[in-house]
Number of protein chains: 2
Amino acid sequence: MFTKNSLDQLILSKRTVLCVGLDTDPMKIPPCITGTLQQRVLEFNQKIIHATAPRCVAFKINTAFYEAMGHEGWYILMKTALYIKEQYPSAFLIADAKRADIGNTSEKYARAFLEEMPFDAITASPYMGIDSIQPFFKEGKYIILLALTSNKGAMDFQLQPMADGRPLYQHVLQKFSDHYDEDKLMFVAGATHGEILKVIRSMVPEHYLLVPGVGAQGGDLSLTLQAGINSAGAGLLINSSREILYASNAENFWEAAAIVSEKYGI
Amino acid sequence: MFTKNSLDQLILSKRTVLCVGLDTDPMKIPPCITGTLQQRVLEFNQKIIHATAPRCVAFKINTAFYEAMGHEGWYILMKTALYIKEQYPSAFLIADAKRADIGNTSEKYARAFLEEMPFDAITASPYMGIDSIQPFFKEGKYIILLALTSNKGAMDFQLQPMADGRPLYQHVLQKFSDHYDEDKLMFVAGATHGEILKVIRSMVPEHYLLVPGVGAQGGDLSLTLQAGINSAGAGLLINSSREILYASNAENFWEAAAIVSEKYGI
């Protein structure tokens, strides 16, 4: 079970804000790993997890990559989540699922990720409003709500002004942070928006931010740290996926992954 | 492969707008069906599909209910989709997944539902903007975008006015319908909003509407038909899930399901 304070302490003791994104694509697994799809993905994930666990505080599994593997993918996703919880129980484990639905349906998603599987947190989309997210609030679990995403499409709605002149993402931040405190809720805030991270930090000074977009998507790491860190010197989880997973295609790929993960030390 | 015209013809020839939502909850399967989880859910789904296929034009599988069954659930979901496509190839088959992510990730979801599995359409959330949805546009497939959902949370953001005074859902309708025509795109529009369906129909006269919220959620069927029908006398898919699936707990539950499904005749 994690809280804002326990996450702060984890980050300060490990001296890193890194969240390793296990966006595993079977086509990109180094050729030294052989076997069935299941064997290859599990071995690759385990080697990456083992190499990066001392250098990160969180792992994030994006469900899309596993669903694309067919029904075996869901089994691999579950096995990977269990492996992390068994081997590295101090790591914060995120299901990057971006789900939300009407209440009785969101309840099923909550069961899938927060009960059937041992995730500590699930990412969720705010479009359907507070009652669509409510079932994800389970004792000791976190919701990580999309506020300002790292892609260009953030311009289409998230950054568009509402009637009071403030952009939609600020309404999302305000409505949800009014309802849920920093021990239950985090926000996704993309590193690709530069200065806006400071605005977000000022609006939600206590809530954790999960920050994608550094690395392959071009966000700046030092600016992100500067803008997003909280008063305790933590408050951020910076995600890196492709940059770490595919740092090398050689037999010692996990050593390359470990070296890249050092970049996120604080 | 479906188009707006072929869907119109399907509805007019079968004289129904019904989409049967296979939101199967193993706890609610009638006791006459026994066996393993997999056997029970597949047998229940097949009996419901067989009983309702002559009385509907579409089936919708909500992923949440299958994900809550653990990794077996994904297999059951796939088997159910294949069963429908094999036995009733004229039915329009929807993955109600409400996904969207950055481009390379949405590409994986597109592969999972529209290539690995034989769905004709996937539901998607607009919050991350147009580039997050773009990978779902595959030849001959439909995206069904959340516009105005049937839950109370639709008030939180979807119905809130933007700077020009028009609510967010209207911006979603406009931006996406400007980009994608009625042979590629549909919108989710909840029946619980009554008169607003007329506004939506006037804004997107040609696009299909997938309408949840009639039945267990309280939306009115005849008002929905009146407000949502297009100039061809079709243009609507009205979803019903719990009302049909759990119409009876008796051995002939599928007969009760067939009777309820008759309500959606036009």
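Colleague: How many helices and strands does the secondary structure of chain A come to?
Modeller: This is a predicted model, and the count is for chain A. Its secondary structure comes to 11 helices and eight strands.

Colleague: What radius of gyration does chain A have, and what would a compact globule with 266 residues have?
Modeller: The C-alpha trace of chain A spans about 55 × 40 × 35 Å along its principal axes. A compact globule with 266 residues would have a radius of gyration near 18 Å. Chain A agrees with that, with a radius of gyration of 18 Å.

Colleague: What percentage of the residues of chain A count as buried?
Modeller: A residue counts as buried when its relative accessible area is under 20%. Of the 266 residues of chain A, the share that counts as buried is 62%.

Colleague: Among contacts in chain A between residues at least 6 apart in sequence, what percentage join residues at least 24 apart?
Modeller: Contact here means heavy atoms within 4.5 Å. Among the contacts in chain A between residues at least 6 apart in sequence, those that join residues at least 24 apart make up 70%.

Colleague: Is A:Arg15 buried or exposed?
Modeller: A:Arg15 is found in the loop between α1 (4-14) and β1 (18-21) of chain A. Its phi is positive, about 55°, although A:Arg15 is not a glycine. Most residues other than glycine have a negative phi. With a relative accessible area of 56%, over the 50% cut-off, A:Arg15 is exposed.

Colleague: What is the phi of B:Arg15?
Modeller: B:Arg15 lies in the loop between α1 (4-14) and β1 (18-21) of chain B. At 56% relative accessibility, B:Arg15 counts as exposed. Although B:Arg15 is not a glycine, its phi is positive, at about 55°.

Colleague: Are α2(A) and α4(A) roughly parallel or roughly antiparallel?
Modeller: The axes of helix α2 (residues 37-52) and helix α4 (residues 71-87) of chain A come within 10 Å and cross at roughly 25°. Angles under 35 degrees count as roughly parallel. That makes α2(A), relative to α4(A), roughly parallel.

Colleague: How do the residues of the contact of α2(A) with α4(A) divide into nonpolar, polar and charged?
Modeller: α2(A) passes α4(A) in a right-handed crossing. From α2(A) the contact takes A:Leu37, A:Gln38, A:Val41, A:Leu42, A:Asn45, A:Gln46 and A:Ile49, and from α4(A) it takes A:Glu72, A:Tyr75, A:Ile76, A:Lys79, A:Thr80, A:Tyr83 and A:Ile84. The residues of this contact of α2(A) with α4(A) divide into eight nonpolar, four polar and two charged.

Colleague: How many charged residues does the contact of α2(B) with α11(B) have?
Modeller: The crossing of these two helices, α2(B) and α11(B), is right-handed. B:Phe44, B:Lys47, B:Ile48, B:Ala51 and B:Thr52 in α2(B) meet B:Phe253, B:Trp254, B:Ala257, B:Ala258 and B:Ser261 in α11(B). The residues of the contact divide into seven nonpolar, two polar and, for the charged class, one.

Colleague: Which residues of α7(B) and α8(B) make the contact?
Modeller: Helix α7 (residues 168-179) of chain B packs with α8(B) at an angle of about 25°, their axes 10 Å apart. The two helices, α7(B) and α8(B), are therefore roughly parallel to each other. The contact is made by B:Ile196, B:Val199, B:Ile200 and B:Met203 of α8(B) and, on α7(B), by B:Tyr169, B:Gln170, B:Leu173 and B:Gln174.

Colleague: What covers the buried residues of α9(B)?
Modeller: In helix α9 (residues 221-228) of chain B, B:Leu221, B:Thr224, B:Leu225, B:Ala227 and B:Gly228 are buried. The elements of chain B that cover them include α8 (196-203), β7 (208-211) and β8 (236-240).

Colleague: Is B:Trp74 buried or exposed?
Modeller: B:Trp74 is found in helix α4 (residues 71-87) of chain B. Leaving aside neighbours within four places in sequence, its contacts include A:Glu67, A:Gly70, A:His71 and A:Trp74, and also B:Phe113 and B:Met117. At 2% relative accessibility, B:Trp74 counts as buried.

Terms used:
Residues numbered from 1 in each chain as written. Chains lettered and ligands numbered in written order. Predicted model: local features only at pLDDT ≥ 70, side-chain atom pairs only at ≥ 80, totals over all residues. Heavy atoms only, no water. Left-handed = near helix turned anticlockwise from the far one by under 90°. Helix = DSSP H or I, 4+ residues; strand = E, 2+ residues; numbered from the N terminus. Nonpolar A, V, L, I, M, F, W, Y, C, P; charged D, E, K, R; others polar. Rg over C-alpha atoms; globule rule 2.2 N^0.38 Å. Buried < 20%, exposed > 50% of the residue type's maximum accessible area, 1.4 Å probe, protein only. Axes fitted to C-alpha atoms, helices over the stretch in contact; angles between N-to-C directions. Parallel < 35°, antiparallel > 145°, perpendicular 65-115°, else oblique.
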